[in-house]
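Me: I would like a close look at a single part of this protein. Please keep it brisk, and carry on from there to whatever else deserves attention.

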Amino acid sequence: LHFRRVTGSGPDEGWVSIKLKDKALLRLKAETPQPSKLTRLRGELRSLFGPIGVDGPIETISIPQNVQLRVATISDIHVDQKQNMQWFADHLPCKSAAQYNVLILPGDVSDDPAIFRNTLKMFTASFDLVCYTPGNHDIWVRRTGSPPDSMAKFREVLETCSEFGVRFRPVRLQRSLDSASRASPEVLLVPLLSFYASAWDREPDLPWCPQEQRDMISWLDFRAIKWPQSLMEEVRLREGSFCFGKEGTSSSISEIFAEINEPWLEIGRA
């Protein structure tokens, strides 16, 4: 066996025998999973995410053997635009006893609470299960009566989801066992949170991109998203400063959103 040292002490590389007659000198060892570099958020920060920040069991939904499972996904539907809302009204499926329809909706529905509610009502009337994660546009606080900050809006959005039975935590879809089945096939849906960071943008600007867009002048997030003080303080502790504007966005914002996923990822690894 030709080896190369990865950790520890000894020769950098070489050759060894793996067997002497019938005696094994080396045995293959399963690779030890590496712990995630992300950490679990402390309680104060986890509470910003409402029920998503609370550990708990994964919900299991049993689907009968004779029912077909169909999973569809679409994001950034922006139903503030009337033509987008009308398109869905014209094309959504009808519920059927022979088919279990699931919709995965990864954010950017609307920042208008009334439109958001009507959209969830429309989708839950057409799909047996709707799974959702909030998008950056959904947590804008630019309207009269908006919550004081975008994480309060985040929690408000989740409350509306709960009202309509829309899931924002992991769900396991499992076939009902019959007498001849030994194992039940399953699908695990895990809504994961994320947020962008300017450090990810390493590509040159497109040549046709208007200067106003390059300068992020019309990027409404920088005016319509308001971060709570506790999150900004956490970013300053990690980086020494907080940045969210056309000059850049702190990477720690995205890290905080990623860290809230860790309990679900740990369950998935198990």
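How many bridges join strand 6 to strand 7, and do the two run parallel or antiparallel?

Reply: This is a predicted model. Six bridges join strand 6 to strand 7 (residues 99-105). The two strands run parallel.

Next, the aromatic rings. Two rings count as a pair if their centres lie within 6.5 Å. By that rule the count comes to 15 aromatic pairs. One of them is Phe88 with Phe123. Their centres are 5.4 Å apart, and the planes make an angle of 85°. That is edge-to-face. The partners come from distant parts of the chain, 35 residues apart. Phe88 belongs to helix 2 (residues 82-91), and Phe123 belongs to helix 3 (residues 113-126). Phe88 has a relative accessible area of 7%, and Phe123 has 1%. Buried means under 20%, so Phe88 is buried and so is Phe123.

A second pair is Phe195 with Trp227. Here the ring centres are 5.1 Å apart and the planes stand at 80°, so this pair is edge-to-face. Phe195 sits in the loop between strand 10 (186-189) and helix 5 (211-214). Trp227 sits in the loop between helix 6 (221-224) and helix 7 (229-239). The pair therefore ties together parts that are 32 residues apart in sequence. Both Phe195 and Trp227 are buried.

Phe195 and Trp227 also belong to one aromatic cluster.

The structure holds one cavity of 30 Å³ or more. The largest cavity has a volume of about 30 Å³. Its lining consists of Ile52, Phe168, Pro191, Leu193, Asn261 and Trp264. By class, that makes five nonpolar residues, one polar and no charged ones.

Notes. Residues are numbered from 1 along each chain as its sequence is written. This is a predicted model: local features need pLDDT of at least 70, side-chain atom pairs count only at pLDDT 80 or more; totals for chains, interfaces and linings use all residues. Side-chain values use heavy atoms; hydrogens and water are left out. Rings of Phe, Tyr and Trp (its six-membered ring) pair if their centres lie within 6.5 Å; planes under 30 degrees apart count as stacked, over 60 as edge-to-face and the rest as tilted. Helices (H or I, at least four residues) and strands (E, at least two) are DSSP runs, numbered from the N terminus. Buried means under 20% relative accessible area, exposed over 50%, partly exposed in between (1.4 Å probe, protein chains only). On a 1 Å grid over the protein atoms alone, a cavity is a set of points where a 1.4 Å probe fits but cannot get out, and a pocket is an open set with protein on both sides within 12 Å along at least five of seven lines; lining residues have an atom within 4 Å of a point. Grid points are joined across faces, edges and corners, and a volume is the space filled by probe spheres set on the points. Ala, Val, Leu, Ile, Met, Phe, Trp, Tyr, Cys and Pro count as nonpolar, Asp, Glu, Lys and Arg as charged, and the others, Gly among them, as polar. Two strands pair if DSSP finds at least two bridges between them.
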